[in-house]
Amino acid sequence: MAKLPEQRTVRFFGRVQGVGFRYTACRVAGGFAVVGWVRNLSDGSVECVVEGAPAEIDAFLAALADRMSEYIDRQTQQSSPAAGRLSGFNVRY
């Protein structure tokens, strides 16, 4: 049985602003069955909210971390049931 979709809020810390992180996240997301958004936060971190099947979210986050590994020092994640209100994947300001 397939797992229910979930929403994951991920915060990336390190030198993640000013390096194309948000646009890379959008490009990488296009290769996975996920929806969501990414934005810079005032503390210098980047927040990403993504919804989809847990395995798709894991694969997306692994691919993003691989592409941006030199800029990420650490990340945090929180999971909750998918709200189902997101479509596409874009940058929020």
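Which exposed residues does the face of helix 2 turned away from its buried side carry? That face carries Ala55 and Asp66, where exposed means over 50% relative accessible area, buried under 20% and partly exposed in between (1.4 Å probe, protein chains only).

The model is predicted: local features need pLDDT of at least 70, side-chain atom pairs count only at pLDDT 80 or more, and totals for chains, interfaces and linings use all residues. Residues are numbered from 1 along each chain as its sequence is written, and side-chain values use heavy atoms, with hydrogens and water left out.

Helices (H or I, at least four residues) and strands (E, at least two) are DSSP runs, numbered from the N terminus. Helix 2 comprises 15 residues, 54-68. The buried residues of helix 2 are Pro54, Ile57, Phe60, Leu61, Leu64 and Met68. They lie on the same side of helix 2 because they cover an arc of only 125° around the axis, the arc being that of the directions from the helix axis to the C-beta atoms. Their cover includes helix 1 (21-29), strand 1 (6-14) and strand 4 (72-81), together with strands 2, 3 and 5; contact means heavy atoms within 4.5 Å.

Two strands pair if DSSP finds at least two bridges between them. The pairings of strand 2 (residues 34-40) are as follows.

Strands 2 and 3 form a hairpin with five residues between them. In its turn, Gly44 has a positive phi of about 95°.

Methods:
The expected span of a helix is 1.5 Å times one less than its number of residues.
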